[in-house]
Amino acid sequence: MNDASRAFLTALFERIVPVPNGLYRLIGPIGQSEYEAFREMVGRGGDPTDTSEAPPPLPGSEGLAGVRPVELDPEPLPEITLNTALLLADPVKQGRICIDFGTAASKIALEPDGGYFEPLEIGKEDGSDPFWVRSLIALDAEGRMVFGQRAKLAGDAGLPVLTSFKSKLWGAPAVLEAVALEHDGIRFTYRDCIQAYLGFLTQLGALRLEDQGMSPWTPRRYAMPFAYDAGRRHVREALGTMLGRAAILADTFGVELVGGVDTRLMRAALNAVKSLSAPDWLLAEPGCVGEPVAAGAFAMDQELNNQTVYMIADVGAGTTDFCILCLKKLADGDLVPIQIRDGALSVEVAGDAVDAALVEFLVEEQAGEEHRGRLALDAPDLKERLFAATAADDEQFDHELPGQFLINVSRQDFLRSSHWANFVRELCESQARCFDGADRTYLQQYGDGAIRVVVTGGGSALPLRDALAEGRSEGSVRVWRVAVTDFPTGVRDRFDQILDRLPRLAVALGGSRELLPTDHDRSCAITSPGYTPAYVVPPFDKTKTGFEDE
């Protein structure tokens with residue numbers, strides 16, 4: 001097997017992730033090059049180290065070409081002139097936005113100078129929820145790259161849809177160069193797809209900014225998980241660079257990004273924008289903000305004691321991320337977030353696991369094994385309907401499967417099932433492991449009794465408050481928890497209609513605030529802008545600090 005095939009296979013296996021019940025799932029479609037590399041390996045009995053000649057083509061595959069580099073396109077691409085006015089523009093000084101690029105959905109919030117901070121209705125043109133858009137990409141039947149709700153519609157029509165592509169940022173750099181989508185010989189890597197999606201997201205934000213008479217180049221921050229170790233510095237830098245190029249793509253294509261861009265034009269634009277960098281002022285200080293710090297900045301009560309411990313439970317699509325941090329008020333009034341030593345944990349028990357539990361419940365109760373595949377595709381939408389704020393617990397939802405097979409389910413029925421109970425149990429056990437792993441002397445020193453729990457992310461719509469944010473936690477370290485429900489009046493007074501959405505918007509809203517907590521970190525972690533920590537909190541004398549163990 002040659003080196004190119006081996007690289008494609010490595011990238012393919014990086015996209016296979018475990019799901020509940022001992023099964024595995026492939027993220028995204030298989031590109032032609034990956035398929036050919038896999039066919040080559042299977043033909044040799046599965047030994048990737050075999051260097052013998054490739055076997056004859058499998059039946060029906062004679063017309064497929066060999067492995068080709070992504071850069072080689074079969075026909076010349078159209079010429080494209082990028083709109084680079086941003087590169088010569090004077091700095092914009094009017095507020096800031098925060099972009100929360102999520103695995104399943106993305107949000108943007110704005111704080112104008114001297115104004116309320118607010119979520120932007122970026123879903124208006126997309127046709128999905130008003131305040132967020134799906135993180136989906138597809139190449140539709142008309143040869144366009146489409147995003148968000150339009151990508152979902154392409155998937156409903158049977159076309160491949162790229163999901164969870166953000167997760168590629170955390171893997172080996174080579175994974176970003178694997179083919180993610182292909183149409184008529186035009187190939188897009190995961191890096192290309194992330195760049196194009198950020199252009200789409202930037203354009204949606206620009207439309208809403210212009211509605212308010214603000215510049216589409218309003219300075220921006222971006223949020224990412226609170227893992228600011230040196231190993232992830234390349235992710236921070238990559239996202240910052242991509243957001244600058246995304247603004248150029250948005251200026252170039254405009255509203256065309258909302259409806260979809262011809263794949264050949266998009267390929268040409270992505271090739272051209274690779275050599276450009278946006279001006280430094282486009283990123284508002286500190287540029288990158290930790291998701292827990294942003295959520296804490298949104299939820300924090302300015303009247304709290306001088307130091308208060310929060311746990312941020314970010315229930316996303318692929319993972320749930322727990323992070324314990326203390327907001328410490330200094331003498332000058334500055335708020336400093338300090339990550340509790342060893343108080344962070346990421347687990348693959350999240351929205352995707354709920355989808356899998358819902359599928360198992362319906363297969364067992366009504367649908368049968370023959371409908372498992374279709375239910376797996378429909379589960380995310382059915383889950384959204386079941387757990388919508390307007391849905392009643394006993395409201396029955398009908399859902400038609402192929403062959404006019406009709407099923408119906410209520411939230412109440414699902415919440416009573418063992419499948420839901422198992423999901424909640426795994427999530428609670430994960431939270432307990434986070435408490436157990438944290439340095440308990442820090443919890444004792446910083447805490448004033450109960451830990452304030454902020455549940456954020458797409459999974460915040462699930463009924464998890466009692467399990468994660470109320471009463472005593474389980475595990476060897478048992479701590480009192482209290483849910484943060486009293487969110488800032490600056491949003492509440494102006495946006496009564498989004499109260500049920502606030503936990504999902506918390507990161508974007510908090511990240512847009514002018515006065516973020518100063519991000520001095522500890523535990524050998526790197527602060528948001530990538531600087532060495534300003535100080536390290538000394539360890540406490542454990543012989544003088546008690547903590548309840550039961």
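Colleague: At what angle do helix α8 and helix α16 pack?

Modeller: About 100 degrees. Bear in mind that this is a predicted model. Helix α8 covers residues 291–299, and helix α16 covers residues 502–511. Their axes are 7 Å apart. That angle makes α8 roughly perpendicular to α16, because 65 to 115 degrees counts as roughly perpendicular.

Colleague: Which residues in α8 and α16 meet?

Modeller: From α8, take E291, A294, A295, A297 and F298. From α16, take L502, A506, V507, L509, G510 and G511.

Colleague: How does the contact of α8 with α16 split by class?

Modeller: There are 8 nonpolar residues, 2 polar and 1 charged.

Colleague: Switching to the backbone. Which peptide bond is cis?

Modeller: The one from E285 to P286 is cis. Its omega is near 5 degrees.

Colleague: Where is P286 placed?

Modeller: In strand β14, which covers residues 283–290.

Colleague: What about phi? What is the value for S164?

Modeller: S164 has a phi of about 55 degrees. That is positive, although S164 is not a glycine. S164 is found in the loop between β9 (161–162) and β10 (179–183).

Colleague: Is S164 buried or exposed?

Modeller: S164 counts as buried, because its relative accessibility is 12%. The cut-off for buried is under 20%.

Colleague: And D184, what is its phi?

Modeller: Near 50 degrees, again a positive value in a residue other than glycine. D184 lies in the loop between β10 and β11 (186–189).

Colleague: Buried or exposed, that D184?

Modeller: D184 is exposed, with a relative accessible area of 64%.

Colleague: New topic. How many salt bridges does a search of the whole structure find?

Modeller: It finds 20.

Colleague: Let's take some. What does R187 form a salt bridge with?

Modeller: With E182. The closest N and O atoms are 3.8 Å apart. R187 is buried, at a relative accessible area of 1%. E182 is partly exposed, at 26%.

Colleague: And D211, which side chain does it meet in a salt bridge?

Modeller: R208. The N to O distance is 2.6 Å.

Colleague: Where do D211 and R208 lie?

Modeller: Both are in helix α4, residues 190–211. They sit 3 residues apart, about one turn of the helix.

Colleague: How about accessibility? Is D211 buried or exposed?

Modeller: D211 is exposed, with a relative accessible area of 52%. R208 counts as buried, at 7% relative accessibility.

Colleague: Back to α16. Which residue forms a salt bridge with R504?

Modeller: E384 does, with the closest N and O atoms 3.9 Å apart. This pair links distant parts of the chain. R504 is in helix α16, and E384 is in helix α10 (residues 372–386). They are 120 residues apart.

Colleague: R504: buried or exposed?

Modeller: R504 is buried, with a relative accessible area of 12%. E384 counts as partly exposed, because its relative accessibility is 41%.

Colleague: One last thing. Which residues do salt bridges that share partners join into one network?

Modeller: R134, K152, D156 and D381.

Note on methods: Residues numbered from 1 in each chain as written. Predicted model: local features only at pLDDT ≥ 70, side-chain atom pairs only at ≥ 80, totals over all residues. Heavy atoms only, no water. Axes fitted to C-alpha atoms, helices over the stretch in contact; angles between N-to-C directions. Helix = DSSP H or I, 4+ residues; strand = E, 2+ residues; numbered from the N terminus. Parallel < 35°, antiparallel > 145°, perpendicular 65-115°, else oblique. Contact = heavy atoms within 4.5 Å. Nonpolar A, V, L, I, M, F, W, Y, C, P; charged D, E, K, R; others polar. Buried < 20%, exposed > 50% of the residue type's maximum accessible area, 1.4 Å probe, protein only. Salt bridge = Lys/Arg side-chain N within 4 Å of Asp/Glu carboxyl O.
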